[in-house]
Amino acid sequence: MYMNLQKYHNMYKMKSLSGMLICTLLISACNGQKSGPKTPVVSDPEAFAKYWYGGVAEVNSYDLSQNRYGEVRNGDMVLVYVTEDFLLERQVKNEFGESPGISVLKLNMMKKFVTGIYDYSIMTSVFTPVNGRNAPHTLKVTFSLQDWCGQSFSQMNLREGNHHFETRSYFEKPGDESKQIPLTNIEEEVWTRIRIEPQTLPMGNFEMIPSQECIRINHLPLKAIKADARLLLQIGAGGKEHYVYQLNYPDLNRKVEWHCENVFPYKVQYWQETQLTATGTAKSSATIKETMNLPYWELNGNENTEKRDSLKLRYLMK
């Protein structure tokens with residue numbers, strides 16, 4: 001059973017912010033985004049701060065079914081979420097106490113799978129301001145793909161109202177490219193914005209840049225295209241409710257779904273991508289296995305590999 005939340009979304013945006021903790025915001029001259037203290041402007045700032053500013057990261061492991069070269073490959077997907085202080089002008093982590101900065105929710109998403117004899121590794125990093133109501137657009141996205149043929153890399157930074165994009169590739173067609181695209185929605189930020197406030201995701205008809213993974217694997221030009229989306233409330237087995245964000249690209253015959261909790265912290269339980277091709281329907285999906293909150297950067301000794309067992313990671317495991 002589904003409930004269309006479009007009307008709720010429109011009402012939600014008009015709600016008064018009275019009673020919420022509003023911080024004084026500074027306008028950044030570098031890109032038009034707003035910066036300020038770490039206090040999040042969300043529906044429940046106290047719960048958000050307690051969960052995301054506890055000094056640990058949230059590590060999620062997923063069973064991955066990745067369609068590549070017309071076949072489904074089994075692998076692992078790992079999502080690592082953590083808040084960081086981010087320098088707006090340089091668009092890097094604030095490591096040395098420089099200011100002003102902005103608090104972002106960072107996602108490192110890694111996919112690892114095997115195609116025949118050789119390995120595939122795909123990584124995406126997303127940096128989205130936690131004050132999504134005042135700074136709704138992601139500041140930076142980086143993407144890299146490695147296989148035995150070579151590697152590709154791209155980076156997109158939001159500056160002065162434009163997405164500044166650069167890509168480097170071993171393929172002749174994309175090659176090395178630099179371009180600017182006017183401010184618009186980007187698919188990667190769904191992964192972070194859904195964790196901050198799903199109700200603020202774009203809905204209805206709009207334009208969006210497909211994910212860098214989609215662009216690179218399908219050798220598509222980088223541009224914003226027509227999309228439509230809706231946020232639904234699904235009642236599953238046992239009467240348990242959860243949100244489903246459905247994103248559709250009509251011109252690509254491609255649909256993407258995110259299934260997440262309908263209460264904070266809105267963990268993504270399931271992801272699915274379907275695309276019509278000349279030979280049929282290509283489907284990729286990921287189902288959550290385990291979640292752990294821990295300082296993974298401190299767990300780099302050989303004795304810490306047992307944590308991989310706890311996360312049920314199977315890639316390259318003997």
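## Contacts, strands and rings

Modeller: Asn 74 touches Leu 64, Ser 65, Phe 113, Val 114 and Arg 314, where residues up to four places away in sequence are not counted. Keep in mind throughout that this is a predicted model.

Biologist: Which strand holds Asn 74, and is Asn 74 buried or exposed?
Modeller: Asn 74 lies in strand 5, which covers residues 71–87. The relative accessible area of Asn 74 is 55%, and exposed means over 50%. Asn 74 is therefore exposed.

Biologist: What distance separates the C-alpha atoms of Asn 74 and Lys 112?
Modeller: Along the chain Asn 74 and Lys 112 are 38 residues apart.

Biologist: How are the rings of Phe 86 and Phe 127 arranged as an aromatic pair?
Modeller: The count of aromatic pairs comes to 16. For Phe 86 and Phe 127, the centres are 5.2 Å apart and the angle between the planes is 25°. The pair links distant parts of the chain, with Phe 86 in strand 5 and Phe 127 in strand 8 (residues 118–129), 41 residues apart. Planes under 30 degrees apart count as stacked, and the arrangement of Phe 86 and Phe 127 is stacked.

Biologist: Why does the pair of Phe 113 and Tyr 120 count as it does, and what is it called?
Modeller: The ring centres of Phe 113 and Tyr 120 are 5.1 Å apart and their planes lie at 10°, so the pair is stacked. As for accessibility, Phe 113 is buried at 0%, and Tyr 120 is buried at 2%. The name for the arrangement of Phe 113 and Tyr 120 is stacked.

Biologist: Which residue has its charged end over the ring of Phe 127?
Modeller: Phe 127 counts as buried, at 10% relative accessibility. The charged end in question sits 5.6 Å from the centre of the Phe 127 ring, and it belongs to Lys 140.

Biologist: Which residue lies over the face of Tyr 81?
Modeller: Tyr 81 belongs to an aromatic cluster that it forms with Phe 48, Tyr 51, Trp 52, Tyr 53, Phe 264 and Tyr 266. At 4.7 Å from the ring centre of Tyr 81, the residue over its face is Arg 195.

Biologist: How many residues lie in the hairpin between strand 10 and strand 11, and which residue in the turn has a positive phi?
Modeller: Strand 10 pairs with strand 11 (residues 162–169) in the antiparallel sense over 8 bridges, and within this pairing Phe 153 has Arg 168 as its bridge partner. The hairpin has 2 residues between the strands, and the turn residue with a positive phi, about 50°, is Glu 160.

Biologist: Which residue of strand 10 stands opposite Phe 143?
Modeller: Strand 9 (residues 140–147) and strand 10 (residues 150–159) pair in the antiparallel sense over 8 bridges, and a hairpin joins them through 2 residues. In strand 10, the residue opposite Phe 143 is Ser 154.

Biologist: Which peptide bond is cis, from Phe 264 to what residue?
Modeller: Most residues other than glycine have a negative phi, and most peptide bonds are trans. The loop between strand 17 (254–261) and strand 18 (268–277) holds Pro 265 and also Tyr 266, whose phi is near 60°, a positive value. The cis bond, with omega near 10°, runs from Phe 264 to Pro 265.

Biologist: What residue joins its side chain to that of Gln 199 by a polar contact?
Modeller: Gln 199 is placed in the loop between helix 3 (190–196) and strand 14 (204–209), and at 5% relative accessibility Gln 199 counts as buried. Its side chain makes a polar contact of 3.4 Å, and the partner is Tyr 243.

Biologist: How many disulfides does the structure hold?
Modeller: Cys 214 is buried, with a relative accessible area of 3%, and Cys 260 is buried as well, at 0%. A disulfide needs a pair of cysteine sulfur atoms within 2.5 Å, and the number of disulfides in the structure is 0.

Biologist: What percentage of the residues in the protein is buried?
Modeller: The protein has 5 helices and 19 strands. Among contacts between residues at least 6 apart in sequence, 49% join residues at least 24 apart. Of the 318 residues in the protein, the buried share is 51%.

Definitions and conventions: Residues numbered from 1 in each chain as written. Predicted model: local features only at pLDDT ≥ 70, side-chain atom pairs only at ≥ 80, totals over all residues. Heavy atoms only, no water. Buried < 20%, exposed > 50% of the residue type's maximum accessible area, 1.4 Å probe, protein only. Pairing = 2+ DSSP bridges. Helix = DSSP H or I, 4+ residues; strand = E, 2+ residues; numbered from the N terminus. Polar contact = N/O pair within 3.5 Å; in protein donor to acceptor, adjacent residues only side chain to side chain. Contact = heavy atoms within 4.5 Å. Phe/Tyr/Trp six-rings, centres within 6.5 Å; stacked < 30°, edge-to-face > 60°. Lys NZ or Arg CZ within 6 Å of the ring centre and 35° of its normal.
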